[in-house]
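I opened this entry to record what I looked up about helix geometry and packing. The structure goes in first, and the notes follow.

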Amino acid sequence: QVPKSTVASVILKWKNFETTTTLHRAGHPAKLSNRGRRALVREVTRNPMVTLTELQSSSVEMGEPSRRTTISAALHQSGLYARVARWKPLLSKRHVTARLEFAKRHLNKILWFDENKIELYGLN
């Protein structure tokens, strides 16, 4: 069963344009193809520290020269954003030895371990 509105729209399209195929729509064509976008996403996931300038040079090598803003927008559409990790001081040797001594002192106070089997989403 095909709705009457679908049949009517197909007939109207044939009367106006003498075709039933999908017509071109307004808008500028994308600079990056889907293949180029996937290649950029693959390169960024493989090496997260790569810069936009390096990605730009690799896109030129792929045969799809693009601007840095175009590459950035394509990565944003794919869900990849630039983030800077919060600075966290490293442990000094004194901290490491203090942690080790604390663990050795308190390890013998453990009475039991919880060894229950937990099923996630009904799977073992």
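For the angles below I take axes as lines fitted to C-alpha atoms, for helices over the stretch in contact, with angles running from 0 to 180 degrees between N-to-C directions. I keep in mind that this is a predicted model.

Entry 1, the pair α2 and α4. I looked up how helix α2 (residues 34-46) and helix α4 (residues 68-77) are placed: their axes come within 10 Å and cross at roughly 80°. Angles of 65 to 115 degrees count as roughly perpendicular, so I noted α2 and α4 as roughly perpendicular to each other. I then listed the residues that meet: R37, L40, V41 and V44 from α2, and I71, A74, L75 and Q77 from α4. Sorted by class, this contact has six nonpolar residues, one polar and one charged.

Which residues of α4 are buried? I found I71, S72, A74 and L75. Viewed down the axis of α4, the buried residues fall within an arc of 160°, so I recorded them as lining one face of the helix. T69 and Q77, on the other side of α4, are exposed. I also checked what covers the buried residues of α4, and the cover includes α2 and α3 (52-62).

I compared the span of helix α1 (residues 4-17) with expectation: at 1.5 Å a residue, its 14 residues should span 20 Å, and the end C-alpha atoms are 20 Å apart, which agrees. Just after α1, I noted a positive phi of about 55° at E18. Just after α4, G79 has a positive phi of about 90°.

Key
Residues are numbered from 1 along each chain as its sequence is written. This is a predicted model: local features need pLDDT of at least 70, side-chain atom pairs count only at pLDDT 80 or more; totals for chains, interfaces and linings use all residues. Side-chain values use heavy atoms; hydrogens and water are left out. Helices (H or I, at least four residues) and strands (E, at least two) are DSSP runs, numbered from the N terminus. The expected span of a helix is 1.5 Å times one less than its number of residues. Angles under 35 degrees count as roughly parallel, over 145 as roughly antiparallel, 65 to 115 as roughly perpendicular and the rest as oblique. Contact means heavy atoms within 4.5 Å. Ala, Val, Leu, Ile, Met, Phe, Trp, Tyr, Cys and Pro count as nonpolar, Asp, Glu, Lys and Arg as charged, and the others, Gly among them, as polar. Buried means under 20% relative accessible area, exposed over 50%, partly exposed in between (1.4 Å probe, protein chains only). The arc is that of the directions from the helix axis to the C-beta atoms.
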